[in-house]
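Here are a few notes on packing, for when you have the model open.

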Amino acid sequence: MMNWYEKLNDYFPIEEMKSRKHMELLLEDKTSPYKKVESQDYVMMYAEFDQCIFVDYLWVAADTRGQGTGHKLMEMIKQKNKPILLEVEPVDPDEKDTAKRLRFYQGEGFKHAKTINFQNRSFQTNEMAPLEILYWAAEIVEDSFILVQMKKVYNSIHKYKSTEIYGRKFSEAEEILQIDESRNRANLLCV
């Protein structure tokens with residue numbers, strides 16, 4: 001039987017995966033907001049901050065998809081009544097799961113932060129790995145609020161001990177996360 005990391009690593013592309021060491025160090029660090037909930041049917045890695053929750057990875061076993069497991073996990077964190085942020089890859093016609101994930105998040109009430117430009121690099125390959133930001137909030141929030149929260153996520157979760165773990169220093173949050181009002185991105189959630 002696969003452990004939680006193997007399940008995530010088997011499902012998500014390498015460009016999106018943190019190393020096992022990265023996630024284990026975050027989970028072991030008593031000052032880190034990083035958490036894991038899991039069963040044989042799901043794994044969810046997330047971080048709870050004062051003003052938001054960041055969902056890093058959500059995996060549901062293939063044989064239980066469509067049975068409400070992902071919805072129950074989303075409801076669990078929506079009960080905390082904080083905006084929920086996450087990163088998704090744009091739809092890839094060669095990868096059918098990308099459109100399915102977007103339909104799931106659309107059904108959960110997530111919106112696309114279209115003006116946020118995220119110049120993401122893969123943790124493990126250091127190649128450009130474009131991602132878009134989605135969010136859910138009980139009340140209206142501006143992309144400027146989402147940007148500030150994503151910079152906190154980047155600095156405390158993504159950049160966590162990057163030199164020790166990956167042997168290189170990651171870019172500063174201000175370099176890779178910016179508001180760009182002229183950004184002409186279609187709404188990802190129209191799949």
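1. Helix H1 (residues 4–11) packs against helix H2 (residues 20–28) at about 135°, with their axes 11 Å apart. Axes here are lines fitted to C-alpha atoms over the stretch in contact, and angles run from 0 to 180 degrees between N-to-C directions. Helices are DSSP runs (H or I, at least four residues) and strands likewise (E, at least two), numbered from the N terminus.

2. A caveat: this is a predicted model, where local features need pLDDT of at least 70, side-chain atom pairs count only at pLDDT 80 or more, and totals for chains, interfaces and linings use all residues. Residues are numbered from 1 along each chain as its sequence is written, and side-chain values use heavy atoms, with hydrogens and water left out.

3. Who touches whom between H1 and H2? Trp-4, Tyr-5, Glu-6 and Leu-8 in H1 meet Arg-20, Met-23, Glu-24 and Leu-27 in H2 (contact means heavy atoms within 4.5 Å). That makes five nonpolar, no polar and three charged residues.

4. The largest nonpolar core has 40 residues, and Leu-8, Met-23 and Ile-146 have the most contacts inside it. A core is a set of buried Ala, Val, Leu, Ile, Met, Phe, Trp, Tyr and Cys residues joined through side-chain atoms within 4.5 Å; buried means under 20% relative accessible area (1.4 Å probe, protein chains only). Helix H5 (residues 143–158) gives the most to this core, six residues.

5. Beyond its neighbours within four places in sequence, Ile-146 contacts Leu-85, Ala-113, Ile-116, Ile-133, Tyr-135 and Val-141. A second, separate core of 16 residues includes Met-44, Leu-58, Met-74 and Leu-134.

Notes:
Nonpolar A, V, L, I, M, F, W, Y, C, P; charged D, E, K, R; others polar. Buried < 20%, exposed > 50% of the residue type's maximum accessible area, 1.4 Å probe, protein only.
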